[in-house]
Amino acid sequence: MNVLQLFHTCFRSIMRNRMRSLLTSLGVIIGVGSVIIMVALGEGSQREIEARITAMGTNLLQVFPQRQMTRSGQQTMMRANAFTQNDIQKLRDESTFAAAISGIVQTQQNVIGSQGNASVTIQGVEPDFFIVRSWRVDAGFPFDDEDMWLRSRVAVLGRTTAANLFGEAAYALEQQIRIGNNYFTVIGLLETKGANAAGQDMDDIVLIPLDTVVTRLTNSRNINQIILSVVSAQFMDAAQNETELILRESRNIAEGAASDFVIRNQADMIDMASAASRILTTLLAAIAGVSLLVGGIGIMNIMLVSVTERTREIGIRMAVGGRKRDILFQFLTESVILSIMGGILGITLAFLVCEVMSAMGIPTAINPLVILIATLFAALVGVVFGFYPAQKAAKLYPIDALRYE
């Protein structure tokens with residue numbers, strides 16, 4: 001029996017019982033579809049997390065004070081040594097890898113506009129903040145060094161904050177907001193950033209010159225955070241080590257003593273988020289892959305039934321010269337075709353489901369390599385679970401097969 005005859009015979013046998021063939025392939029359809037969908041969800045979420053972390057800024061280093069335990073009489077307290085302008089200035093003077101540097105003072109206060117009020121995150125920042133965070137002011141303009149020196153009462157608003165305070169974001173420009181007893185003029189609106197990796201709305205924010213915040217709102221010159229933009233991604237590790245050395249010297253930390261600050265590397269954050277996402281994706285794909293094995297057992301079951309039903313047919317084929325290997329290949333090919341048909345339908349199902357989820361705002365990313373692997377695995381299931389029924393058919397004795405009722 002040549003290849004064309006083999007496939008023609010197998011397809012004719014499969015199409016003779018269309019509904020049974022479809023139900024036989026159902027396990028493979030669900031298995032292949034589930035694996036592709038789970039991996040697509042994992043990769044989609046991974047890309048979304050990476051995009052949100054990248055949206056925080058390009059080649060970003062974040063420096064935070066490290067909380068340390070201190071004793072005061074009978075009490076033990078957690079205290080953080082805040083940064084000073086001297087720390088930032090030393091970084092500006094000595095860092096060879098920093099493209100831009102900004103200190104941040106953060107406070108949460110009630111902000112009042114002409115159309116509403118809200119409790120908003122207020123950040124006192126320096127002009128370089130917009131460079132470090134890659135955050136463009138797409139309406140109006142950002143504040144500059146002169147505003148810092150003059151401690152100007154100006155503000156740049158995120159789109160969410162502007163809409164909450166003035167009804168529509170566009171109405172906020174040149175208007176005034178009140179924070180406590182201080183009035184600030186809105187000179188710019190930030191471009192939309194969306195949510196960060198933690199799910200917080202980055203557009204619900206008010207940016208004010210750092211010196212203005214420390215003199216008018218917080219009455220403290222303590223700086224909560226320092227952010228740096230590194231000149232190139234390839235220098236991230238070197239920049240992190242250099243930043244640590246400069247700050248240790250600035251803060252008079254003895255050699256061998258632990259640093260009282262911690263540096264977060266944007267690349268490390270992306271790697272951690274990606275690793276967690278890959279582990280979850282692998283776990284979900286493995287769970288979904290179990291249904292492929294269940295589908296294989298279903299194929300084996302139906303192929304065994306098919307061997308029993310077609311025993312006389314097998315006997316006739318052998319009687320007219322059919323060889324055992326022809327019978328073996330026929331039933332094995334039928335099993336593989338059922339599996340591959342199930343794989344193709346599963347891929348189609350996965351594409352449809354992913355399209356629906358994307359339309360609903362759920363990020364998905366179908367990997368062509370996963371499709372290829374899932375299809376090959378489906379074919380392997382057909383071979384593995386179809387071999388025993390095919391071998392059983394090939395081992396039938398022609399006389400016994402012809403006598404079978």
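A salt bridge here is a side-chain nitrogen of Lys or Arg within 4 Å of a carboxyl oxygen of Asp or Glu. By this rule the count comes to seven salt bridges. The model is predicted.

**View 1. Glu249 pairs with Lys90.** The closest N and O atoms of this salt bridge are 3.4 Å apart. Distant parts of the chain are linked: Glu249 belongs to helix H8 (residues 236–250), Lys90 to helix H3 (residues 85–94), and 159 residues separate them. Lys90 is buried, with a relative accessible area of 17%.

**View 2. Arg136 and Glu191 meet in a salt bridge.** The N to O distance is 3.7 Å. Arg136 sits in the loop between helix H4 (129–132) and strand S6 (137–140). Glu191 sits in the loop between strand S9 (182–190) and strand S10 (205–209). The pair therefore ties together parts that are 55 residues apart in sequence.

**View 3. Asp260 and Arg251 form a salt bridge.** Their N to O distance is 2.9 Å. Asp260 is buried at 8% relative accessible area. Arg251 also counts as buried, at 14%. Salt bridges with shared partners join Asp87, Arg251 and Asp260 into one network.

**View 4. Strand S11 (residues 225–230) is largely enclosed by the rest of the structure.**

**View 5. Strands S1 and S4 pair with S11.** S1 (residues 60–65) runs antiparallel to S11, joined by four bridges. Leu61 stands opposite Leu228. S4 (residues 98–112) also runs antiparallel to S11, with six bridges. Here the bridge partner of Gly103 is Ile226.

**View 6. The second largest pocket holds about 310 Å³ of space.** Its lining has 15 residues, and the closest to its centre are Val35, Val39, Ala285, Val370 and Ile373. Helix H2 (18–55), helix H9 (266–309) and helix H12 (368–394) each supply at least two lining residues. H9 gives the most, with six. By class, the lining has 10 nonpolar, four polar and one charged residues.

**View 7. Ser339 lies in helix H11 (residues 324–359).** Ser339 is buried, with a relative accessible area of 0%. Neighbours within four places in sequence aside, Ser339 contacts Val28, Ile299, Ala378, Ala379, Val381 and Gly382.

Key: Residues are numbered from 1 along each chain as its sequence is written. This is a predicted model: local features need pLDDT of at least 70, side-chain atom pairs count only at pLDDT 80 or more; totals for chains, interfaces and linings use all residues. Side-chain values use heavy atoms; hydrogens and water are left out. Buried means under 20% relative accessible area, exposed over 50%, partly exposed in between (1.4 Å probe, protein chains only). Two strands pair if DSSP finds at least two bridges between them. On a 1 Å grid over the protein atoms alone, a cavity is a set of points where a 1.4 Å probe fits but cannot get out, and a pocket is an open set with protein on both sides within 12 Å along at least five of seven lines; lining residues have an atom within 4 Å of a point. Grid points are joined across faces, edges and corners, and a volume is the space filled by probe spheres set on the points. Ala, Val, Leu, Ile, Met, Phe, Trp, Tyr, Cys and Pro count as nonpolar, Asp, Glu, Lys and Arg as charged, and the others, Gly among them, as polar. Contact means heavy atoms within 4.5 Å.
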